[in-house]
Amino acid sequence: MMLRVEEQIKKLAATAGVLLIAAAEAMAEEKTHGARRIVVSIPDRKLAVLEDDRVVKVFPTAVGAPKSPSPAGSFTIVQRLTDPTWYSKGKVVPPGKANPLGTRWLGLSIKGYGIHGTNAPSSIGHNASHGCIRMRNRDVEELFEMVEVGDAVELLEERTPEMDDIFGPAPAPVTVVAAVQKSAPAKPGSRSGD
């Protein structure tokens, strides 16, 4: 009887040891990922991945067009899809080269909006989407591997000091100066003003 109790105690100790090691590994894994969030600067048309407030990567994006602006606010990733199907107004586009969502979809906690790839890579860097955050397919595939459901996503419509830290200072406004056209000197004997 005593021998049996000793064996059970040894088994319990071994099990407890395995559980402690697993818990320590899980905590270490959690610390390596840290607090992760995505910050999108709508005016800069850029997306940054941050871990523990440290910029890990910045990607160029397309954001909402003036007639369909990207929503500003704090959201979370609620869905991750590989090779999504696009549904719009009775139209269904399966995965493939014609799909406007590209190769990945990261659905946000605001219905109908997400971060996704594109079949129109020339739109990146412009206000061109229907409100979603568009990325080149290779970039959204990289982002997809970096983030998880539940990660925070901030869509910011105005520059802040934090955005200066993340994306650098805002570019200076461009001033366009009209060129003055000089006319060629009149040829001798020619008339002007006709």
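I took a salt bridge to be a side-chain nitrogen of Lys or Arg within 4 Å of a carboxyl oxygen of Asp or Glu, and on that basis I found 10 salt bridges in the structure. The model is a predicted one, in which local features need pLDDT of at least 70 and side-chain atom pairs count only at pLDDT 80 or more, while totals for chains, interfaces and linings use all residues. Residues are numbered from 1 along each chain as its sequence is written, and side-chain values use heavy atoms, with hydrogens and water left out.

**Entry: Arg 37 and Glu 162.** I looked up the salt bridge between Arg 37 and Glu 162, whose closest N and O atoms are 2.3 Å apart. Arg 37 lies in strand 1 (residues 36-41) and Glu 162 in helix 3 (residues 161-167), so the pair ties together parts that are 125 residues apart in sequence; I use helices (H or I, at least four residues) and strands (E, at least two) as DSSP runs, numbered from the N terminus. For accessibility, I call a residue buried under 20% relative accessible area, exposed over 50% and partly exposed in between, with a 1.4 Å probe and protein chains only. Arg 37 is buried at 14%, whereas Glu 162 is partly exposed at 31%.

**Entry: Asp 44 and Arg 159.** I next noted that the side chains of Asp 44 and Arg 159 form a salt bridge, at 2.3 Å from N to O. Asp 44 sits in the loop between strand 1 and strand 2 (46-51), and Arg 159 in the loop between strand 12 (152-156) and helix 3, so this pair ties together parts that are 115 residues apart in sequence. Asp 44 is buried at 17% relative accessible area, and Arg 159 is partly exposed at 25%.

**Entry: a network.** I also recorded that Arg 36, Glu 51, Glu 148 and Asp 151 are linked by salt bridges into a network.

**Entry: the largest pocket.** I searched a 1 Å grid over the protein atoms alone, where a pocket is an open set of points that a 1.4 Å probe fits, with protein on both sides within 12 Å along at least five of seven lines, and where lining residues have an atom within 4 Å of a point. The lining of the largest pocket has 19 residues, and those nearest its centre are Trp 86, Tyr 87, Leu 101, Gly 112 and Cys 132. Strand 5 (73-82) and strand 6 (86-88) are the elements that give two or more residues to this lining, and strand 6 gives the most, with three.
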